[in-house]
Amino acid sequence: MEQRRYERRRARGYLVGCVVAVLLWSVASAQSRYSISEEVNEGTVVGNIAKDLGLDKSTLKDRKYRIVSSNADHLFHLSENDGVLYVSRKIDREEVCAQSSTCLINLKTVLENPLEVHYVEVEVLDINDHSPIFLEKEKRLEISESVLPGARFQLKASRDRDSGQFSVQQYKLTHNDHFRLEVKDKGDDGKIPILVVQKHLDREAAGNHSLVLTALDGGKPPKSGTMNILVNVLDINDNAPVFSKDVYSVVLDENSIVGTTVIQVNATDLDEGPNGEVVYSFSNSMSQNILNIFEINPLTGEITVKGLIDYEEKERYEIEIEASDKGFAPLTTEKSVIIQIVDVNDNAPEIEVTSFSNSIPEDARPGTTVALISVNDLDSGLNGKVICSIIEDVPFSLFPTLKVNMYSLVTKSLLDREKKPNYELTIVGKDAGQPPLYVAKQIDIVVSDVNDNSPEFSLSPYTFYVTEANEPGASVFSVRAFDRDETDNALISYYILRDGSKDNTVTSFLNINTENGDILALKSFDFETLKTFQFQVVATDSGTPSLSSNVTVNVFILDQNDNAPVILYPVSSNGSAEGVEEIPRNVNAGHLVTKVRAYDADIGYNGWLLFSLQEVTDHSLFGLDRYTGQIRTLRSFTETDEAQHKLVILVKDNGNVSLSATATVIVKVVEPKEAFAASDVKSATMHEEDNNVTFYLMITLGSVSTLFLISIIVLIAMQCSKSTDYTSKYLQEPNYDGTLCHSIQYRSGEKRYMLVGPRMSVGSTIVPGSHANTLMLPDRRTAGEFDENRIA
């Protein structure tokens with residue numbers, strides 16, 4: 001007893017579980033279904049999908065509610081505002097569904113964020129918009145007069161493109177005494193009219209009969225079509241062919257090659273001669289589609305393949321064949337041949353991207369859905385089961401969804417547009433048939449940019465050399481930065497960092513083009529006033545938020561020959577370059593008369609001075625050292641030599657356009673006693689003048705030394721900021737013998753270098769990368785020769 005109660009409780013449990021499972025399945029597979037008549041006007045409302053599905057109308061537009069079915073989206077359109085489904089154009093049911101009894105259009109609708117897929121069925125109802133038609137306007141029949149009442153002659157059916165009740169429903173035959181009409185209903189193939197003899201024919205009484213066959217559909221009012229039937233009565237042939245089997249049935253593989261034998265039928269006729277010879281043919285009721293696929297040998301009855309056999313189009317064929325004799329009035333027997341088609345794996349899978357965003361930001365998190373992919377295979381069973389995969393090694397993965405043959409494409413790792421801006425994915429679908437068939441679908445995914453890269457300067461720091469006396473307002477140099485982002489994130493603007501500090505006052509005379517980084521000087525630079533300065537440029541992109549970077553710009557001013565030589569000695573009391581020298585008459589050749597001293601504020605070749613005699617009373621008596629400015633006697637004086645000589649000395653620098661100055665020296669030749677007396681007075685005067693000159697030289701030397709020390713400190717700081725590997729031995733030599741040139745010399749390998757400030761030496765060469773303060777000294781001159789040429 002307890003066992004029975006336990007079994008009853010267990011049965012009730014199974015029953016409840018089954019009911020719950022059925023309810024859950026019905027909820028998961030629920031669809032909205034609507035119906036409309038064909039040929040309705042464009043814009044006709046089909047139904048409110050959002051309302052029927054219980055969707056929030058306020059979120060439809062933001063969630064991009066739309067139709068994604070590629071085969072039906074041109075027939076309907078869906079409003080994003082209220083979720084109402086409208087007709088996009090007039091729908092011809094016969095065009096969409098041919099002669100199917102029920103015309104259903106399946107629509108797939110999608111909502112994003114979160115992703116939802118809803119299925120909608122729209123049934124297109126037929127209207128009576130086509131009339132029945134006969135393929136033949138006139139049918140000729142030859143009937144023997146010996147046929148008995150009840151003989152049947154099948155006629156070709158009328159075709160009506162409408163379906164259901166609006167298809168052909170009945171046939172009518174004009175009233176006559178010899179024939180009546182029967183109708184055979186063949187289901188999907190429609191109703192077949194059969195002409196039946198109801199009274200013996202008498203050829204001698206009536207050799208032919210003219211009839212009119214009318215086909216009527218089920219409309220109200222009905223539409224009709226007619227065919228004329230002309231019956232010729234022939235002489236006797238009283239035995240019809242008889243088939244060897246009552247039923248013919250065969251199995252045929254799809255895609256069978258043309259010429260494949262399907263089946264061979266056989267019929268015999270008891271008559272003799274032509275009335276007993278049998279020929280085979282397809283029935284007049286056969287559709288043109290079947291006639292394109294199969295053919296029959298009229299002599300042997302062998303049915304062979306003529307066209308493509310496709311299981312996916314039709315799984316079963318019923319062929320009506322006729323066997324007729326060759327009598328003068330041939331008799332015909334009909335028989336049906338059933339052909340069952342067997343499926344083979346002949347359809348590759350099809351991949352459809354139902355929802356796709358071809359652009360994804362590079363900062364998308366792993367697991368972000370990129371696309372929904374549906375797969376379809378027209379084959380059945382295992383031949384239609386498809387598995388999808390991605391063949392490339394890409395940061396994307398395919399995951400199957402709850403719906404069969406539906407996959408979601410998601411990111412599986414972080415993206416970087418600067419490393420790879422786009423991906424070409426190949427999705428391969430493989431069915432489970434033998435052998436399996438494949439399909440490949442390529443998807444292009446563009447990685448959109450986010451502002452994650454700061455501008456980068458091409459150099460850091462920048463070093464520029466600008467010649468003094470530049471044109472104000474002209475571009476003197478430029479900086480360039482690039483950004484690995486794109487569009488606005490890579491659009492760079494430049495500006496100069498002006499912090500208002502005392503060391504950054506020069507930037508007030510600079511301006512920068514914000515678009516291309518060209519830097520303009522608003523005033524001319526003077527090497528003698530400013531030799532080097534430093535500032536910073538900031539590059540900012542246009543992203544949100546914007547990113548920026550800065551770079552240090554070091555500027556060195558290069559000297560030009562813009563200062564003429566200045567005569568330091570001789571200088572007269574009124575400031576002119578004139579002097580008087582007295583020498584004894586008894587001096588020997590080579591006696592130093594005096595030394596012309598001059599100064600040039602420029603450096604290098606621009607400050608290298610050469611001396612020459614422009615005017616002299618006796619060329620054989622005095623000579624001038626072109627480098628030191630020393631005037632010496634060339635020979636001893638004679639009694640005939642004049643007592644006073646005028647020498648005009650030209651002092652010229654070595655610039656491209658030389659600048660010069662002149663000094664006049666009056667040499668008086670006196671007797672030795674007078675020379676001694678004059679020398680005392682002159683020595684006192686000269687001592688006072690030398691004191692003044694020395695004072696001015698000290699002031700000048702102190703100023704230049706201060707500038708030189710500042711330049712050396714800046715240069716050393718810049719050199720220390722670089723990672724140099726020089727292994728030079730520095731040799732500090734104060735190189736001053738009355739000139740205004742200071743230097744620090746050092747060696748590197750076999751070459752000898754000099755750091756010069758504020759002037760460069762004669763014959764020196766600027767070493768690349770030395771910031772115009774380092775000179776390479778040739779071996780042909782010594783430091784002493786250099787000093788003699790600077791100032792005399």
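Me: What is the relative accessibility of Glu671?

Reply: This is a predicted model: local features need pLDDT of at least 70, side-chain atom pairs count only at pLDDT 80 or more, and totals for chains, interfaces and linings use all residues. Residues are numbered from 1 along each chain as its sequence is written, while side-chain values use heavy atoms, without hydrogens or water. Buried means under 20% relative accessible area, exposed over 50%, and partly exposed in between (1.4 Å probe, protein chains only). Glu671 counts as partly exposed, because its relative accessibility is 42%.

Me: How many residues apart in sequence are the parts tied together by Arg585 and Glu671?

Reply: Arg585 and Glu671 form a salt bridge, with the closest N and O atoms 3.7 Å apart; the term means a side-chain nitrogen of Lys or Arg within 4 Å of a carboxyl oxygen of Asp or Glu. Arg585 sits in the loop between strand 42 (578-584) and strand 43 (592-595). Glu671 sits in the loop between strand 49 (660-670) and helix 5 (672-721), so the parts tied together are apart in sequence by 86 residues.

Me: Which residue meets Asp618 in a salt bridge?

Reply: Asp618 is buried at 19% relative accessibility. The N to O distance is 3.3 Å, and the partner is Arg635.

Me: Where does Arg635 lie?

Reply: The salt bridge of Asp618 and Arg635 spans 3.3 Å, N to O. The pair links distant parts of the chain, 17 residues apart. Asp618 is in the loop between strand 45 (610-616) and strand 46 (622-624), and Arg635 is in the loop between strand 47 (630-633) and strand 48 (644-652).

Me: Which residue in strand 48 is the bridge partner of Ser612?

Reply: Strand 45 and strand 48 run antiparallel, joined by six bridges. Ser612 has its bridge partner in strand 48, namely Leu650.

Definitions and conventions. Helix = DSSP H or I, 4+ residues; strand = E, 2+ residues; numbered from the N terminus. Pairing = 2+ DSSP bridges.
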